[in-house]
Structure formats: C-alpha cells, structure tokens
Amino acid sequence: MSQLRVGWVGFHEEGVPALRALIERGCLVGAMTLEPDAAAKRSAVAGVAEICRAAAIDVTEVAHVNDEESIETLRGWRADVIFVIGWSQILSEEALSCASIGTIGAHASLLPRLRGSAPVNWAIIRGETSSGNSLMWLDAEVDNGDLVDQRAFPITDYDTCATVYDKVAATNREMIVATLDALEAGTRPRRPQGETDEPLLPRRRPADGDVDWSAAAVDVHRFVRALTRPYPGAFSALDGRRATIWRSVELDGWTTTEPPGTVVGALRSPDRDACGIVVACGTGAIGLLEIETDDETLAGPELADQPWRGRRFGE
C-alpha cells in the first residue's frame with residue numbers, strides 16, 4: 001500500500017481509469033466531484049461519486065471547489081498530493097495550498113501548445129494530426145505550471161472527440177501511476193513548459209456548434225467529429241427545426257454546383273451504417289450518417305430513404 005495520502009478532484013470521463021488506479025493502489029483518502037445540478041450542465045460527466053462509494057472512499061459533491069466548505073474538505077484530507085483531473089473550475093491559491101507536496105492537474109494537449117479551453121475539440125476542428133496530454137503542477141495561472149510528465153498520441157481521420165478522450169484517459173492513468181512511483185521514491189519531477197506565442201483557446205459553448213456549410217467539406221466533417229457524443233453535437237436548422245448531426249463521412253472527390261447546405265442525393269450501401277445523405281458544402285460535399293431532430297433520430301437506410309433531395313440545411 002502506498003504511503004502517500006492522495007486526494008482527487010474531477011468529474012470528467014477522462015479521469016476514470018486514473019481514479020480506479022488510485023483506488024487499487026490504496027492511496028486515495030478522499031474525492032470531490034460536482035453536485036448533480038452542476039453536473040447536469042456539463043458534458044462527459046462520469047460517476048465519480050458512485051465509483052468512490054463502491055470502494056468505501058469518502059466523496060464530496062460540490063457546486064464549486066473554491067467554496068468555503070469545499071476548502072475545508074480539501075484541508076481535511078491532509079493530502080500529500082491532490083490530482084485535479086477533468087475539472088473546469090480554476091482552483092484558488094487557498095485550494096492549491098491544501099496538499100503538502102502540491103496539486104497536480106492535467107491538460108489534454110502537449111503544453112505549451114493548445115493552452116486554454118476544449119483542447120481536444122479544437123485539435124480536431126483545426127485538423128491536428130497529433131496531440132497529447134500533460135500533467136503539471138498547478139499554479140495561479142491557467143495551464144502555466146511546470147510540467148510533471150507528457151504523453152503524445154496521434155489523431156487520425158477516424159477519431160472523434162470520444163476516441164481522443166479515450167487516449168487522454170489512458171495517458172492520464174499512465175502518467176499518474178508513474179508520478180506516484182516517482183514521488184514515493186523521493187523525487188518530484190518538474191520542468192518548465194517553455195514559451196509559446198499561441199493565444200489561449202477560447203471556451204466553447206453549445207451554441208458554437210452551428211455548422212457553417214460554406215466551409216470546405218473536410219472542415220465540416222472535422223467539426224462534426226469534434227462535437228459529437230458525449231458533447232452536445234454539431235447542429236443546423238432544417239425546415240425551421242434544429243437538426244443535430246452525430247455522424248458524418250468525408251466524400252473524396254465529390255463535386256456539386258448546388259448551394260452549400262443543399263441535400264444533393266442519398267448514400268446507399270449494403271452496410272447499413274454507411275447509408276445516409278449527401279450535402280453540398282462550400283467546397284465538395286459531406287455524407288451525413290445520423291441526424292437527430294426534436295422528435296426522431298434517423299440513421300442508415302431510414303435516413304437515406306427519406307425524400308431529402310433539394311432540402312437545405314441552414315434555413
């Protein structure tokens with residue numbers, strides 16, 4: 001059993017493998033996650049409270065980590081190190097001081113690249129072919145602390161935000177286990193991030209998912225992949241209703257003279273999952289494979305066989 005006393009702050013699915021590793025290691029003395037009302041406003045929320053209660057670990061559900069009651073909980077752990085993994089609130093200096101060795105956070109990029117909000121989503125939207133994950137010692141500045149460890153991974157044309165977060169989750173576990181080994185051996189891995197001229201990534205909100213059909217087809221496809229489940233999804237108006245687009249496919253070499261957003265035909269295949277509709281973009285066209293409106297979800301032949309031709313997204 002580990003001699004370190006470790007605390008955990010997090011709500012996102014990206015932290016679950018690491019959280020389970022801490023429980024298995026026998027070092028976790030307390031956990032903090034979002035209360036249900038606050039969690040309902042976030043995406044990719046994991047059952048941190050349920051995982052901890054099943055393992056007889058004290059867990060506290062809070063609205064904000066910097067509230068007075070939350071600070072008292074953090075102090076009460078008497079933790080050597082606190083991991084803040086998959087958490088959207090910036091910790092105050094008072095909260096950061098609650099661990100005797102320090103507080104360690106994760107950021108889903110190879111810092112100092114892609115500092116700021118939603119790095120996984122932005123990486124896919126921007127067409128990055130690789131990214132990674134970083135552990136850092138948290139300080140008062142956003143994503144600016146000294147590095148503890150980093151892991152790189154590819155982003156392929158087949159990845160979505162969900163599959164990239166699977167890679168983030170796996171590397172969180174790898175790095176946290178390695179960090180605990182180092183701390184127990186008496187070392188404290190730390191190195192400066194280095195400088196970057198990149199601005200902080202802006203926060204993304206559900207309303208930012210409105211599809212720009214005048215963009216190139218490859219960019220629309222990246223947009224869909226970046227915002228699909230477990231996030232709210234890319235969307236567009238269709239016949240005065242909101243249509244959320246959950247799955248798409250890139251159509252190499254497809255050309256059309258139809259205005260962007262116009263349905264130009266059906267995609268039909270013996271593979272039901274490859275069926276859908278073809279929609280014109282600013283350059284080229286994209287295949288839509290799954291669409292959800294207010295009252296139904298259409299995918300496969302059910303989507304392809306609808307009378308779509310000539311209908312226009314974005315109106």
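Reader: Which residues of helix H4 count as exposed, and what makes them so?

Author: Glu-68 and Glu-69 do, on one side of H4. Exposed means over 50% relative accessible area, buried means under 20%, and partly exposed lies in between, with a 1.4 Å probe and protein chains only. This is a predicted model, in which local features need pLDDT of at least 70 and side-chain atom pairs count only at pLDDT 80 or more, while totals for chains, interfaces and linings use all residues. Residues are numbered from 1 along each chain as its sequence is written, and side-chain values use heavy atoms, with hydrogens and water left out.

Reader: Which residues of H4 are buried?

Author: Ser-70, Ile-71 and Leu-74 are buried in H4, residues 68–76. They cover an arc of only 100° around the axis, so they lie on the same side of H4. The arc is taken from the directions that run from the helix axis to the C-beta atoms. Helices are DSSP runs of H or I with at least four residues, strands are runs of E with at least two, and both are numbered from the N terminus.

Reader: What covers the buried residues of H4?

Author: The cover includes strands S1, S2, S3 and S4 and helix H5. Contact here means heavy atoms within 4.5 Å.

Reader: Why is strand S5 called largely enclosed?

Author: Because 6 of the 6 residues of S5, residues 102–107, are buried, the rest of the structure largely encloses this strand. Gly-102, Ile-104 and Ala-106 are buried on one side, and Thr-103, Gly-105 and His-107 on the other.

Reader: What makes strand S4 a partner of S5?

Author: Two strands pair if DSSP finds at least two bridges between them. S4 and S5 have 4 bridges, in the parallel sense, and Ile-82 has Thr-103 as its bridge partner in S5. S5 also pairs with strand S6, in the antiparallel sense and over 4 bridges.

Reader: Why does Cys-27 count as buried?

Author: Its relative accessibility is 1%, so Cys-27 counts as buried.

Reader: How many disulfides does a search of the whole structure find?

Author: The search finds 0 disulfides. For Cys-27, the nearest cysteine sulfur is that of Cys-52, 12 Å away, whereas a disulfide needs a pair of cysteine sulfur atoms within 2.5 Å.

Reader: How many aromatic pairs are counted, and what makes Tyr-165 and Tyr-231 a stacked one?

Author: The count is 4 aromatic pairs. Tyr-165 and Tyr-231 lie 6.1 Å apart, centre to centre, with 25° between the planes. Rings of Phe, Tyr and Trp (its six-membered ring) pair if their centres lie within 6.5 Å; planes under 30 degrees apart are stacked, over 60 edge-to-face, and the rest tilted. The pair is therefore stacked. Tyr-165 is in helix H7 and Tyr-231 in the loop between helix H8 and strand S8, so the pair ties together parts 66 residues apart in sequence.

Reader: What makes Arg-242 a charge over the ring of Phe-235?

Author: The rule asks for NZ of Lys or CZ of Arg within 6 Å of the ring centre and within 35 degrees of the ring normal. Arg-242 lies over the face of Phe-235, at 3.7 Å from the ring centre.
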